[in-house]
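Colleague: I am new to this structure. Please take one residue and walk me through its surroundings, step by step.

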Amino acid sequence: MLRRPSRPVRALWAAGLLSMSVVVCQASAGEPGPAPGGDLAAETVPILHAQKSGDLAVTVRGQGEDRVKFSIHNTTARRLNVILPPGLVASSAASQGMFQSMGLGTPTTSTAGFGRFRPTSTEPGFRSIPAVPPLQDGGFVVPPGQTVEMSVPSVCLNYGIATPSPRDQFTLMDVNDYSPDPRVRKALRSLATLGTSHRVAQAVMWNVCNGLPFPLMARQQAKRFNLAELTLAARFVGALDASSSSDLVDPSALIQNRVLVRVQGEGPLYQDAKRLSSELEGQRILGLPVQVVTDLPTSPDQFSILHLNIDLTASSGDQTQGRVTVRHLPLGSAWTTLGQGALEASANSADLSAIVLADSVDRAVASALVNTKVVRHSTGATTIRIVNRLPFTLAHVVVKAGRSDDAGRVNLNALGVGPGRSGLATIQAATGTVERVELNGL
């Protein structure tokens, strides 16, 4: 990427949402349309192996700063389910040539995300949002004798080098063959597996591949990255450097100690708040494990943290009301208040369980900081804009498709809408509101 003039960085939440809009996946997020004859069994082949054997003729060309274009021709008489494994690189002809080499994500209908968004935990009941069937391990079907063309999300690996154009042709290779640096290998493979927003992935790879410091990115690339994106990237690099010798960053390092919670109540609610504080430890809110605290951490080594202050204000019958104040600790900055949501739990405070409270906080935070707006209506479908004011990438979102309480819910999976960004999604309803969100720490 060619360097841009230096500009002073602005605090994300003071400046408001940056204006970039991206088109993200529809209700069947991450699932491409069925190929012709999709009911027939297909032979699964890794793309590099099939290319080497001659079963596939693969051409990869430039398509700007955030995608590359694949043309994949099946030379056999067999249906092939082609797998693009995490950790692929579209390398320029001379490896460090006159145009960028690109690290590849996962083929998807989303233009916001980077990677597969593999679950960060195998614990039963971890995911608050049901997942759609996996994308055949990242694969897509190419019928015999036919050619499939597709765009794949990508990040630049050589800061300061020209953006590849459609005239530029790459050599496809595994990251192990591209770089001898284990940090580069693990970073790209982890991002492509665990998933994040595209800009977070780009900030990580410029730092890891080219040694570009995050403060310098904040100054020179202020229009490209916001503070929350650089904060997430710095947190990932910290986890990368602290990780073991395995191929991937330990997912638990990305989700632990990210959501801090304090529960308060006055008068008759004091004892209930105290009880719930002890029971909330280890529960999950926004898909991340809860750590109960009494004070806000101030260590410079701790950042990219959410603090949820839960105030129980009233309880009667089978309802408990309150409010949730959301704060964030960015990289190199002080705690910042992001907003406040109304809490409504369907139980009297004396009978309120930690699970019900966590679910109510989920909904309160999601409705306060992740919003939707109808962009356009078409026959049988509505396009909505999802605006993310949380300082984390949206991994998955549940949208209530309608205004009534019994309206259907739509699971939007592997969205990848970054912090302070917005994206589009299409649902089969007249309107849609965000009900719940799940984060993966990236």
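Modeller: Take Asp-311, in strand β16, which covers residues 305-316. Keep in mind that the model is predicted. Is Asp-311 buried or exposed? Its relative accessible area is 15%. That is under the 20% cut-off, so Asp-311 counts as buried.

Now the neighbours. The side chain of Asp-311 makes a polar contact of 3.2 Å with the side chain of Asn-309. Leaving aside residues up to four places away in sequence, Asp-311 touches Gln-264, Gln-321, Gly-322 and Arg-323. Strand β17 spans residues 319-329. It pairs with β16 in the antiparallel sense, over 11 bridges.

Step back to the sheet. Six strands make it up, in the order β14-β15-β13-β16-β17-β18. The sheet is open, and its pairing is mixed. At the edges stand β14 (284-285) and β18 (336-345). Each has a single partner strand, so one side of each is left without a neighbour in the sheet.

A helix packs on this sheet too: α9, residues 270-280. Helix α9 touches β13 (259-265), β15 (288-292) and β16, the strand of Asp-311. The direction of α9 makes about 160° with that of β13.

One last point, away from the sheet topic. A disulfide is a covalent bond between the sulfur atoms of two cysteines. The structure holds zero of them. Cys-156 is buried, at 0% relative accessibility. Cys-209 is partly exposed, with a relative accessible area of 24%.

Notes: Residues numbered from 1 in each chain as written. Predicted model: local features only at pLDDT ≥ 70, side-chain atom pairs only at ≥ 80, totals over all residues. Heavy atoms only, no water. Helix = DSSP H or I, 4+ residues; strand = E, 2+ residues; numbered from the N terminus. Buried < 20%, exposed > 50% of the residue type's maximum accessible area, 1.4 Å probe, protein only. Polar contact = N/O pair within 3.5 Å; in protein donor to acceptor, adjacent residues only side chain to side chain. Contact = heavy atoms within 4.5 Å. Pairing = 2+ DSSP bridges. Axes fitted to C-alpha atoms, helices over the stretch in contact; angles between N-to-C directions. Disulfide = S-S within 2.5 Å.
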